[in-house]
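Subject: Structure for your files, with notes

Dear colleague,

I am handing over the structure we spoke about, together with some notes on what was found in it. Please open it beside this message, so that you can follow the residue names as you read.

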Amino acid sequence: MIEKTGVPTRKDLAGIFPPKERLEKGPVAVIECFQRIPCDPCYTACRRGAIEEFEDINDLPRIDFERCNGCSVCVSKCPGLAIFIVDETYSEKEALIKLPFEFLPLPQKGEEVDALNRQGEVVGEAKVVKVQNGRYEDKTPVISILVPKKLSMEVRNIRLRRTSDE
Amino acid sequence: MRIEEHPILTFKKGRKVEFSFDGEKMWGYEGEPIAAALHANGVRVLRRSIKLNRPRGFYCAIGNCSSCLMKVNGEPNVKVCVEKLKEDMVVETQKGKGDLSTAKISPVSSSREGKRIRKTDIAVIGAGPAGLLAAISAHQMGAKVTLLDRDSKLGGQLIKQTHMFFGSEEQYASIRGIDIADILANKLDREKTDIMLDATVVGYYREDGVLGIEQNNRFIKIKPERIIVATGASERVLAFPNNDLPGIYGAGAAQTLMNEHGVVPGDNVLMVGAGNIGLIVSYQLMQAGINVKAIIDAAPKIGGYWVHASKVRRLGVPIYTSYTVKEAYGKENLEKVTIWELDEDWQPLKGTEMDLDVDVICIAVGLSPLAELLWQAGCQMKYIPELGGHTPVRDEDMQTTTKGIYVAGDVAGVEEASSAMVEGSLAGLCAAKSLGYDTGRFKELKKEAINQLKGLRSGPVSEGIRKGLKQLIELRRKSKND
């Protein structure tokens, strides 16, 4: 169905989600890349060797969840903006998600924003806790948000509740 | 309307100047295209069609089509999508054919050049990703290179690509197209490469292999030993009632207007085509603060990369596959469009019509190779739909059926910029080698390029490309044997 809708199905997602036991240990990368296309910067970006070397540049990324520590250096390097960091250990009720966000205005630390799912629908509220926008991110800022834990695998975008920097 | 701030881009602007449009005073930035200045002033109707007096705007925005012809300072048939704005210009709507009898025209002069014919080893026509790499690699082998482009800047269409590229490190993956243009321009040996910008190759003379070039109203002749044609491709149109209304633009044209010139194409957009260009430009329209109401595609599946599709879906933009345009509406400008669904046999289904209030439709239904020079040169061409249309028959070295004429990039079959760059390298290497230039690394570099191309084209998304290219190379082999 993703080939018709652009939205991965439950089944697509089940194939790439980290196992529950891994999620219970701390932050980890979730790579939502489902199509064989010629692209390998996630492998080049990872400094821990958690993303396996590509035999064929068209391979889907294969991630070693035990090696990945959720450091997020791959998030702003994926040309498809398809990598997210999920930390379900952030607090008892909240999960932390890091996502790429290439829009203006940028959210600010502490700001409450709409949490959107993969179809762009508002599914809840998120609180911005960090905005990484340095030289490394190179205009693909990485935003850390807190969402209710049950939404950790649903929320993949945010929408600001204001339109300007005011 | 102009873009005030942008998440990726900062716009360098010339000084503010006044000009007039049909007698009305307006202002724009010196050096931007007249069409961009007019658009920023809300003017989208640029001329009237010859027979039916219909309003027309631009379509391609990069000087390929002739949709934007206007009268400028008394001179008719000026392509205002590329003609640069100057202070006090008098711009007028062109009605019908331009009248040359009363026009003030500055003739192209060849006096200073006289009968002089400039010589060079390799002329590279087009300074986009393919042409830049061709020039760089031919020069590295030791050849004297002349690099020509009709634009004022190096980089071709890279200069509007604000997204990160795919591929591998060798093809600058993860780097934005705009930044790749700078990287490649810096790799050029500017002292030893003859770079001719604002230079349009207007003809190739088969008899003696001379290229005719128009630059700053002068006519220049160059006789190269080898030619690498890297002229790229142009955007196709789609047939539907009122498809000529101003506001219906090529998706790349909208991209040029907003990402290169900082002017928004409109407020509400329908994107026609869910290939990579349609998906990428939709995302970039949203980045420029423009509302994309929907993306439609006549095919039952999304043609572009799914990651691009997911990016726009997360923004709330719907994608309707098996949908096409029924009709567009508007008096002087586009005001509304009706789309409808197609059945399995691509026939429209009555009762599925949907109206969308849009002032822009972007057409992203594919590109066709800009192959005029190859036709002139008598190169054997073959119609291959998977490669975008008529494509030159060529061998593994990128040489066409006309000896000494090489091709690279979209003109050799429409693909991604990453493969265009590698094809450029390959053509540059082989053209230089055929003249005896080799620093000793030819074999190694050629092999590397061939392997990179193989890798880029080995996936399922490149199936059509592989099939098309195989046909071209087999035809070449046949004609060599004959």
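This is a predicted model: local features need pLDDT of at least 70, side-chain atom pairs count only at pLDDT 80 or more; totals for chains, interfaces and linings use all residues.

Chain A

Chain A contains four helices and seven strands, and along the sequence these are arranged in the pattern α-α-α-β-α-β-β-β-β-β-β. The radius of gyration of chain A is 15 Å, close to the 15 Å that the globule rule gives for 166 residues, so chain A is as compact as a globular protein of that length. Taken along the principal axes, the C-alpha atoms of chain A fill a box of roughly 50 × 35 × 35 Å. Of its 166 residues, 43% count as buried, and among the contacts in chain A between residues at least 6 apart in sequence, 58% join residues at least 24 apart.

The contact between the chains

Where the two chains meet, 36 residues of chain B are in contact with 35 residues of chain A. On the chain B side, the elements that give two or more residues are α6 (306–314), β19 (319–321) and α9 (442–456), and the largest share, nine residues, comes from α6(B). By class, this side of chain B has 18 nonpolar, 12 polar and six charged residues.

Helix α6 of chain B

How many of the nine residues of α6(B) are buried? Nine of the nine are, so α6(B) is largely enclosed by the rest of the structure. The buried residues are W306(B), V307(B), H308(B), A309(B), S310(B), K311(B), V312(B), R313(B) and R314(B). They pack against elements of both chains, namely α1 (2–5), β4 (112–116) and β7 (157–159) of chain A, together with α5, β18 (291–297) and β19 of chain B. Just after α6(B), G316(B) takes a positive phi of about 90°.

Two helix pairs in chain B

Helix α5(B), one of the elements that the buried residues of α6(B) pack against, also packs with another helix. Helix α4 (residues 251–260) and helix α5 (residues 276–287) of chain B meet at an angle of about 30°, with their axes 10 Å apart; angles under 35 degrees count as roughly parallel, and α4(B) and α5(B) are therefore roughly parallel to each other. Their crossing is left-handed. From α4(B), residues A251(B), G252(B), A254(B), Q255(B) and N259(B) meet I277(B), G278(B), V281(B), Q284(B) and L285(B) of α5(B), and the residues of this contact divide into five nonpolar, five polar and no charged.

Helix α9(B), which gives two or more residues to the side of chain B that touches chain A, also packs with helix α8 (residues 417–434) of chain B, at an angle of about 155° and with the axes 9 Å apart. Angles over 145 degrees count as roughly antiparallel, and α8(B) and α9(B) are therefore roughly antiparallel to each other. The crossing of α8(B) and α9(B) is left-handed. The residues of α8(B) in this contact include V422(B), L426(B), L429(B) and K433(B), and those of α9(B) include F442(B), L445(B), I450(B) and L453(B). Taken together, the residues of the contact between α8(B) and α9(B) divide into nine nonpolar, four polar and three charged.

With best wishes

Notes
Residues are numbered from 1 along each chain as its sequence is written. Chains are lettered from A and ligands numbered from 1 in the order in which they are written. Axes are lines fitted to C-alpha atoms, for helices over the stretch in contact, and angles run from 0 to 180 degrees between N-to-C directions. Angles under 35 degrees count as roughly parallel, over 145 as roughly antiparallel, 65 to 115 as roughly perpendicular and the rest as oblique. A crossing is left-handed if the near helix is turned anticlockwise from the far one by less than a right angle, and right-handed if clockwise. Two residues are in contact if their C-beta atoms, placed from the backbone, lie within 7 Å. Ala, Val, Leu, Ile, Met, Phe, Trp, Tyr, Cys and Pro count as nonpolar, Asp, Glu, Lys and Arg as charged, and the others, Gly among them, as polar. The radius of gyration is taken over C-alpha atoms; the globule rule is 2.2 Å times the number of residues to the power 0.38. A residue is buried if 20 or more other C-beta atoms lie within 10 Å of its own, exposed if 12 or fewer, and partly exposed in between; C-beta atoms are placed from the backbone.
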